[in-house]
Amino acid sequence: MCIRDSFLAEEVYDPPNLPQFVVWDFKKNDFDYQMEIDLGERDYKGRKIVYQPVFNDHLRKGMVILPRKPVDCNLEDVVDSSIKFVLKGFDPCGKENHVKLFTLASMASWILDKEKPLIPIAGIGVFAPILAIRGPSGSGKNRFANLLRFLCYHPFFDVSTYRIPSLYRPLDIWKGTLIIDEGDFKNTGENSELIHFLNARATGTPIGRQNPDKPSKCDAFESFGITIITQRRHFEDNATEGRTLPFYTDVSNNRGIPTLETEEMIREGLEFQDKLLFIRLRYWNEIEIEKTAWIQGVTDHRLNSALLPIYAFRKFAPGVTDLIN
């Protein structure tokens, strides 16, 4: 990703082709493709800066999903078809409205970085909820998370891990959505490194680390965005639980839903990635997240903050207001 006053560039990947940038020109309202971006910038040592697409094993082996190309679409149609896509592959057991909320929250991840202040100050002015999908084994947690995964911006997928650098280091690269499967960690109290990371991620606070071999060198790993996690139990830490929107799954008796994701589901999911990329590029300069707005009927401040990016869609998809209500 590269954002400037005149353009927005996003990485796309359509194998077997190499990844490249799609560059949207705000004045022309059109895009072209570039293998690298040279803005004539130099670092503090005078070395030339050239932006190139990331091409690593995360991308090659499907841990992160990128769009293939922007596909012209209408936001209201994409909202409606996304909800149908999720409900076709997952049985909510009577909780359709909760599924709609999680679907919209996942789609809002494409514009969540619009919350960032012009001058970056850690932990101020942004909020991203944790979407916790909870329930017993065989209740469809993984399926629900995988369907939402296709609707998220730069979804990075991992199974429960105690090696927290394996999460914040790649997310500093991809700057997208984190999806954790089997997220029942032994320790989720306030002293847990995972909990520290999730709380920092929700408020846009980078993870700072000093180099043990060179104490004067410091690194800060940026990780801000929605987190989707499947689990059987809630978080022990009250602060993390307070940043969480839970969905409780039930074992379904619907035999019409495939037990494994089909090729058609994957193909349709990738098509949503292409359409949501177009929405991001086309409406980036027009979508505004109103930080002072209060959603009608909402009294909890964190829930209101979680809904604001969704609420920002209403200008281009008026039906979103009814869905939120």
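This is a predicted model: local features need pLDDT of at least 70, side-chain atom pairs count only at pLDDT 80 or more; totals for chains, interfaces and linings use all residues.

Tutor: One place to begin is Glu182, which counts as partly exposed because its relative accessibility is 36%.

Student: Where does Glu182 lie?

Tutor: Glu182 sits in the loop between strand S9 (177-181) and helix H6 (193-202). Its phi is positive, about 55 degrees, although Glu182 is not a glycine. Most residues other than glycine have a negative phi.

Student: And Cys93, what is its phi?

Tutor: Cys93 also has a positive phi of about 55 degrees and is not a glycine. Cys93 is found in the loop between helix H2 (75-89) and H3. With 28% relative accessibility, Cys93 counts as partly exposed.

Student: Which residues of H3 are buried?

Tutor: They are Val99, Phe102, Thr103, Leu104, Ala105, Ser106, Met107 and Ala108. Helix H3 covers residues 96-108 and reaches 18 Å from its first C-alpha to its last, close to the 18 Å expected.

Student: Changing topic, which peptide bond is cis?

Tutor: The bond from Pro15 to Pro16 is cis, with omega near 10 degrees. Pro16 belongs to the loop between strand S2 (7-12) and strand S3 (20-25).

Student: How many helices and strands does the chain have?

Tutor: The protein chain has 10 helices and 13 strands. Its radius of gyration is 20 Å, close to the 20 Å that the globule rule gives for 325 residues, so the chain is as compact as a globular protein of that length.

Student: What share of the residues is buried?

Tutor: Buried residues make up 49% of the 325 residues.

Technical notes: Residues are numbered from 1 along each chain as its sequence is written. Side-chain values use heavy atoms; hydrogens and water are left out. Helices (H or I, at least four residues) and strands (E, at least two) are DSSP runs, numbered from the N terminus. The radius of gyration is taken over C-alpha atoms; the globule rule is 2.2 Å times the number of residues to the power 0.38. Buried means under 20% relative accessible area, exposed over 50%, partly exposed in between (1.4 Å probe, protein chains only). The expected span of a helix is 1.5 Å times one less than its number of residues.
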